[in-house]
Amino acid sequence: MKKVLIVDDEQAICTSLMFALEDEYEVFTTTQPEEGLSLMAKEEIDVVLLDMRIKDVNGLTLIPQMLQVQPELIIIMMTAYGTIESSVTALQLGAFHYLTKPVNIAEVKALLEKGLRFTALNTERKRLYDLVHPAESYAGIVGKSSEMKRVFTLMEKVKDITSNVLILGESGTGKELVAKGLHEESERKNKPFCVLNCAAIPETLMESELFGHEKGAFTGAIQSKEGIFEKAHEGTLFLDEIGEMPLHLQAKLLRILQNGEVTRIGSTQTKKVDVRILAATNRNLSDEVNKGQFREDLFYRLHVIPIELPPLRKRLEDVPLLLDHFLKLFCEKIGREVNGFQPQVKELLYSYTYPGNVRELANIIEYSVAMTDGEISVEDLPANLQFIKNKEVAAAGNHQEFYVPPNWTLEQMEKETIRQTLSRLNGHRQQTADALGISERSLRDRIKRYSIER
């Protein structure tokens, strides 16, 4: 049975409310605020009906004290002197609702049910959040290594401040995830989160994307357009691959960071913007400054709080967590039921150095989930990992390495691996399958999928 505490200096009101509620709730009453606080220290109270004026005590001053004892408490204020100002103050202090005297019993019961339902929903929300965000993670970023714990600690410290953050790390380490995490854990989480990839936008369009333009500002400007700074107003702007930004735009970006004002192309009017800047790069910006390819003043403006992400090879203890995380993610995405990994697969994935970092691991698991018929085996892994596992290939004296372009996908690598192995073994499929450590049927399926000619 839920517990209700009534705190009112009129004993008659306490008694009448207790009689009205005692069939459905366990009711406690007191005319003394101190006694109410003392009772809350002993009992798990669910709802408090609190009088606004209890003799010489202002009921508003009791709200923070009660919530400090029981943070999930539902507080409903009661008063015969209700004003808009006092009701707003009560809600700001943490009260759930506000009633004016004489109270209507039906309204009191309805508010009690509503408050308890709110508590139940909030408890369920927290339970689901803990499932999605386990203890070994922060803002959805998985990791328990000391390196990642340092990152999480720093994120927690800086999430609500307005200082610029520069996120550093190799490609694939999760820089955008950190930016999203900082935004979603901050006080700006209900405001826009905008992303601009400085490496993906042509130089001729980047200025318009950043600052916007007015109609007729240049050929093709058939209508006015707001830039990403305006879109991100009161929120967060993530400038990915900031090291790719042209020098002349770096100067304009610096002015915005200095004065918080943006001017559209073709306009003379400035507009104030409140934007928190998060930037990321896999380049060494200090070296870029020395080469004259990045402005030193902009570098120091962005480099207020650096967060450096470790490569996955330096936190291999996080791989088991990441395997479970990505397996659940891609099973749901692809619609497959997978019974985990075979021991030899785990052995390989726990020791692999992941030149493509977490992104590469995610690609490996997505590929394997798509390939497997149940439990992920070595045959279900991409071909480059099968080469590593296969001792025959490692020991073969006639094995020849081939060049892998840096922009190749895992599928392209697998196709080329199969093609060259077939060629080396004169098209003999069984020998090729043995060399690759897969079955002939699996090889046949891959040859068909990739349209590989003998």
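The exercises below concern a predicted model.

**Exercise 1. Cysteines**

Solution: 
- Step 1. Cysteine 194 is buried, with a relative accessible area of 12%. Cysteine 14 is buried as well, its relative accessible area being 0%.

**Exercise 2. Threonine 31**

Task: Locate threonine 31 in the chain, decide whether it is buried or exposed, and list its contacts beyond its neighbours within four places in sequence.

Solution: 
- Step 1. Threonine 31 belongs to the loop between strand S2 (26-30) and helix H2 (33-42).
- Step 2. Its relative accessibility is 18%. Buried means under 20%, so threonine 31 counts as buried.
- Step 3. With neighbours within four places in sequence left aside, threonine 31 is in contact with Asp8, Asp9, Gln11, Cys14 and Ile54.
- Step 4. One of these partners, Cys14, is the buried cysteine 14 of Exercise 1.

**Exercise 3. Backbone geometry**

Task: State which peptide bond is cis at proline 102, and describe the setting of glutamate 234 and of tyrosine 354, given that each has a positive phi without being a glycine.

Solution: 
- Step 1. The cis peptide bond joins lysine 101 and proline 102, with omega about -5 degrees. Proline 102 is placed in the loop between strand S7 (97-100) and helix H5 (105-132).
- Step 2. Phi of glutamate 234 is about 70 degrees. This residue is in the loop between helix H9 (228-231) and strand S14 (236-240), and glutamate 234 is partly exposed at a relative accessible area of 35%.
- Step 3. Phi of tyrosine 354 is near 50 degrees. Tyrosine 354 is in the loop between helix H14 (343-351) and helix H15 (357-371), where it is buried, with a relative accessible area of 0%.

**Exercise 4. Helix H18 and its partners**

Task: Characterise how H18 packs with H20 and with H19, giving the orientation, the handedness and the residues that meet.

Solution: 
- Step 1. The axes of helix H18 (residues 410-424) and helix H20 (residues 440-450) come within 11 Å and cross at roughly 115 degrees. H18 is therefore roughly perpendicular to H20.
- Step 2. The crossing of H18 with H20 is left-handed.
- Step 3. On the H18 side, Glu411, Glu414, Lys415, Ile418 and Leu422 take part; on the H20 side, Leu443, Arg446, Ile447, Arg449 and Tyr450 do. By class, this contact has 5 nonpolar, no polar and 5 charged residues.
- Step 4. H18 and helix H19 (residues 429-436) pack at about 125 degrees, their axes being 9 Å apart. These two helices are therefore oblique to each other.
- Step 5. The crossing of H18 and H19 is right-handed.
- Step 6. Thr417, Ile418, Thr421, Leu422 and Arg424 of H18 meet Arg429, Thr432, Ala435 and Leu436 of H19. The residues of this contact divide into 4 nonpolar, 3 polar and 2 charged.

**Exercise 5. Sequence separation and distance in space**

Task: For alanine 199 with serine 451, and for lysine 271 with glutamate 261, state the separation in sequence and the C-alpha distance, then describe the surroundings of alanine 199 and lysine 271.

Solution: 
- Step 1. Alanine 199 and serine 451 are 252 residues apart in sequence, and their C-alpha atoms are 33 Å apart.
- Step 2. Alanine 199 is in the loop between strand S11 (193-197) and helix H8 (203-211). It is partly exposed, with a relative accessible area of 48%. Beyond its neighbours within four places in sequence, alanine 199 is in contact with Glu241 and Glu244.
- Step 3. Lysine 271 and glutamate 261 are 10 residues apart along the chain, and 5.3 Å separates their C-alpha atoms.
- Step 4. Lysine 271 is part of strand S16 (residues 270-272) and counts as partly exposed at 43% relative accessibility.
- Step 5. Not counting residues up to four places away in sequence, lysine 271 touches Glu230, Gly260, Glu261 and Val262.

Methods
Residues numbered from 1 in each chain as written. Predicted model: local features only at pLDDT ≥ 70, side-chain atom pairs only at ≥ 80, totals over all residues. Heavy atoms only, no water. Helix = DSSP H or I, 4+ residues; strand = E, 2+ residues; numbered from the N terminus. Buried < 20%, exposed > 50% of the residue type's maximum accessible area, 1.4 Å probe, protein only. Axes fitted to C-alpha atoms, helices over the stretch in contact; angles between N-to-C directions. Parallel < 35°, antiparallel > 145°, perpendicular 65-115°, else oblique. Left-handed = near helix turned anticlockwise from the far one by under 90°. Contact = heavy atoms within 4.5 Å. Nonpolar A, V, L, I, M, F, W, Y, C, P; charged D, E, K, R; others polar.
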